[in-house]
Amino acid sequence: GVCNGGQYNTEECGRDGGDCTGIEDYPDCEVDDPSELGNGVCNGGDYNTELCGWDGGDCAEFNAKYPNCKLRDSSTTFGSFGGEFGLCSREYNTEACGWDDGNCLAFNEMYPDCDVEFPIFIGDG
């Protein structure tokens, strides 16, 4: 099921009929989809906060590796954050974010003065 959170995630409502089991440790966490907490994927935004247990523990590795890099919203996950050269993100192409988890190193080496919104478009044929 889907944990609806908020008023549904209470003892009186059986933790949304069992859908919120496992996230009761974060009663003050207000996110769109509480079932994303502790699902093995580090979500940004409101999920990666102290109230939400750093996304139910999913962001521990990310926060330890990049303590000054902030994922802007819940649609940005640590899994989509890094990867091969084609996924270099301008927003995370910073020292604080490890040059997009190393994803922008080749791009930065090939085009050191190129500052574009979508580096993936460079040489895309």
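Q: Is Ile120 buried, exposed or partly exposed, and why?
A: Ile120 counts as partly exposed, because its relative accessibility is 41%. Buried means under 20% relative accessible area, exposed over 50%, partly exposed in between, with a 1.4 Å probe and protein chains only.

Q: Where does Ile120 lie?
A: In the segment after helix 6 (105-110). Helices are DSSP runs of H or I with at least four residues, strands are E runs of at least two, and both are numbered from the N terminus.

Q: Which residues form a nonpolar patch on the surface?
A: Leu87, Phe118, Ile120 and Phe121, with about 390 Å² of accessible area together. Nonpolar side chains (Val, Leu, Ile, Met, Phe, Trp, Tyr) are joined within 5 Å, like charges within 9 Å. Areas are Shrake-Rupley values with a 1.4 Å probe, and for residues only the protein chains shown count as cover.

Q: What are the ground rules here?
A: This is a predicted model: local features need pLDDT of at least 70, side-chain atom pairs count only at pLDDT 80 or more, and totals for chains, interfaces and linings use all residues. Residues are numbered from 1 along each chain as its sequence is written, and side-chain values use heavy atoms, leaving out hydrogens and water.

Q: Where is confidence lowest in the protein?
A: In helix 4, at a mean pLDDT of 53. Helix 2 (residues 53-56) is highest, at 92. The protein averages 81. pLDDT is the predictor's confidence in each residue, from 0 to 100.

Q: How many helices and strands?
A: 6 helices and 0 strands.

Q: Switching to the inside. Which residues make up the largest nonpolar core?
A: Cys3, Cys20, Ile23, Tyr26, Cys29, Val31, Leu37, Tyr47 and Cys52. A core is a set of buried Ala, Val, Leu, Ile, Met, Phe, Trp, Tyr and Cys residues joined through side-chain atoms within 4.5 Å. Another core, of 8 residues, lies apart from it; Cys59, Tyr66, Leu71 and Cys97 are among them.

Q: Why does Leu71 count as buried?
A: Because its relative accessibility is 7%. Leu71 sits in the loop between helix 3 (60-65) and helix 4 (78-81).

Q: How far apart are Leu71 and Gly45 in space?
A: 6.1 Å, C-alpha to C-alpha, though they are 26 residues apart in sequence.

How values were computed. Patch = residues over 30% accessible without salt bridge, like charges linked within 9 Å, V, L, I, M, F, W, Y side chains within 5 Å. Salt bridge = Lys/Arg side-chain N within 4 Å of Asp/Glu carboxyl O.
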